[in-house]
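Open the structure in your viewer and keep the selection tool at hand. The stops below say what to select next and what is there.

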Amino acid sequence: MRSYSLIAPAKINLYLEIIGDRPDGYHELSMVLQSIDLGDRVEIRANGIDEFRIHCQHPEVPCDRTNLAYRAAELLKTAYPKAFEQYGGADIFIDKQIPVAAGLAGGSSNAAAVLVGLEMLWDLGLTQPELQDLASQLGSDIPFCITGGTALATGRGNQLEPLPDLEGLYVILAKYRSLGVSTAWAYQTYRQQFGSTYVRESTDLAARQKRVHSGPIVKAIAHRDEMKMVQCLHNDLEKVVLPEYPQVLKLRQTFQQCDVLGTLMSGSGPTVFALTDSREKAEQIRAQVQNTLGNPDLDFWIAKFINTGIQLAPGIH
Ligand code: C5P
């Protein structure tokens, strides 16, 4: 049976601005997304039967139809029923390295890997835009997870503009093991608290664009000015998540007190990250935060910025 083994990287948000509301109930966003070399391994193996099966050892990852990776397979089956008839289903093995419900797009990246892997397994010959259109139907940041790197994401977060690679940056991620934040909750709470400041769907385009503040970070990245870029780190969702979770606020403040280039909560959290320019410094910062907070529930990861999305894992396919 044919199989493909893929690496599905996590992402961090270097910038997340909520611009306004949308008729589809989502929020209009302006984000800068960055792939990092913390990734899950996702193997897609043809199983010769007419079903998809998810296999994952992680206790918080469901192996049923609610898993986004399963829904990705079903979506492709619905779009290409003949290919499903011809090739059959697949077993999907997820080796989880990315923390779950952490604001790092772990589930989205797994779904992106299923789309890429099944597309190859079924010899569909889809173009990247075709695959990204499908991805968009499944979740706002799945199109980014396919291509990865550094990108400006607008609309729901699914319209992408690639940005120049940011090289040589390291990220220290920290997350309380027992803490997860629902993305839907974070956006809903933001809407309740800050909805009055939104740009309405009816506002004309020029006026809407005036309310977007991602210009400086995009410019800094375009000029490959990493020092400027780190001064522009911003995440609107911090305004609702940090007051609700004091330990995440404390973590963010502790990073801030270290010798970091910048620090921010990623996505809807609760992962907080700090940026630095060498692995050695990253290790020092990790030790300092660990010593200061002394909490056994706190997990850390050190990763590097990368310029790729879903990739074949090294080895034989
Ligand atoms: O698109 P995705 O399913 O990943 O989004 C998860 C949740 O986050 C949505 O159900 C919605 O509540 C919220 N969201 C939003 N606006 C966006 C993206 C996500 O309100 N642009």
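Two residues are in contact when heavy atoms of theirs lie within 4.5 Å of each other. The model you are looking at is predicted.

**Stop 1: Asn-158**

Select Asn-158, in the loop between β5 (150–155) and β6 (159–162). Setting aside residues up to four places away in sequence, Asn-158 touches Ser-136, Ser-140 and Pro-143. Its side chain also reaches the backbone nitrogen of Arg-156, at 3.3 Å.

**Stop 2: the ligand**

For Ser-140, a polar side-chain atom lies 2.6 Å from an oxygen atom of the ligand. For Arg-156, a polar backbone atom is 2.8 Å from a nitrogen atom of the ligand.

**Stop 3: the annotated binding site**

Now select Pro-99, Val-100, Ala-101, Ala-102, Gly-103, Leu-104, Ala-105, Gly-106, Gly-107, Ser-108 and Ser-109, where an unreviewed UniProt entry places the feature "binding site". From this set, the lining of the largest pocket takes in Pro-99, Val-100, Ala-101, Ala-102, Gly-103, Leu-104, Ala-105, Gly-106, Gly-107 and Ser-108.

Two residues of the annotated set are worth a separate selection. Ala-102 is found in the loop between β4 (90–95) and α3 (106–121). Is Ala-102 buried or exposed? Its relative accessible area is 2%, so Ala-102 is buried, the limit for that being under 20%. Beyond its neighbours up to four places away in sequence, Ala-102 touches Lys-175, Ser-266, Gly-269, Pro-270 and Thr-271.

Gly-106 sits in helix α3. Gly-106 also counts as buried, because its relative accessibility is 8%. With neighbours within four places in sequence left aside, Gly-106 is in contact with Asp-40, Lys-96 and Ile-98.

**Stop 4: the nonpolar cores**

Stay with α3 and select Val-114. Together with Ile-44 and Leu-118, Val-114 is among the residues with the most contacts inside the largest nonpolar core, which has 42 residues. Helix α3 supplies the largest share of this core, eight residues. Another core, of 38 residues, lies apart from it and includes Leu-16, Leu-237, Met-265 and Ala-282.

Which residues does Val-114 contact, leaving aside its neighbours within four places in sequence? They are Val-42, Ile-44, Ala-69, Ala-72, Ala-73, Ile-92 and Glu-119.

**Stop 5: Glu-43**

Move to Glu-43, in strand β2 (residues 27–46). The side chains of Glu-43 and Arg-45 make a polar contact of 3.1 Å. Apart from neighbours within four places in sequence, Glu-43 is in contact with Ser-3, Tyr-4, Ser-5, Asp-91, Ile-92 and Phe-93.

**Stop 6: Ser-178**

End at Ser-178, in the loop between β7 (170–176) and α6 (183–194). Ser-178 is exposed because its relative accessible area is 60%, and exposed means over 50%. A polar contact of 2.7 Å joins its side chain to that of Asp-297.

Definitions and conventions:
Residues are numbered from 1 along each chain as its sequence is written. This is a predicted model: local features need pLDDT of at least 70, side-chain atom pairs count only at pLDDT 80 or more; totals for chains, interfaces and linings use all residues. Side-chain values use heavy atoms; hydrogens and water are left out. UniProt positions are given in the numbering used here, feature names are shortened, and annotations may be inferred rather than shown by experiment. On a 1 Å grid over the protein atoms alone, a cavity is a set of points where a 1.4 Å probe fits but cannot get out, and a pocket is an open set with protein on both sides within 12 Å along at least five of seven lines; lining residues have an atom within 4 Å of a point. Helices (H or I, at least four residues) and strands (E, at least two) are DSSP runs, numbered from the N terminus. Buried means under 20% relative accessible area, exposed over 50%, partly exposed in between (1.4 Å probe, protein chains only). A nonpolar core is a set of buried Ala, Val, Leu, Ile, Met, Phe, Trp, Tyr and Cys residues joined through side-chain atoms within 4.5 Å. A polar contact is a pair of N or O atoms within 3.5 Å; within protein, one must be able to donate a hydrogen and the other to accept it, and residues adjacent in sequence count only if both atoms are side-chain atoms.
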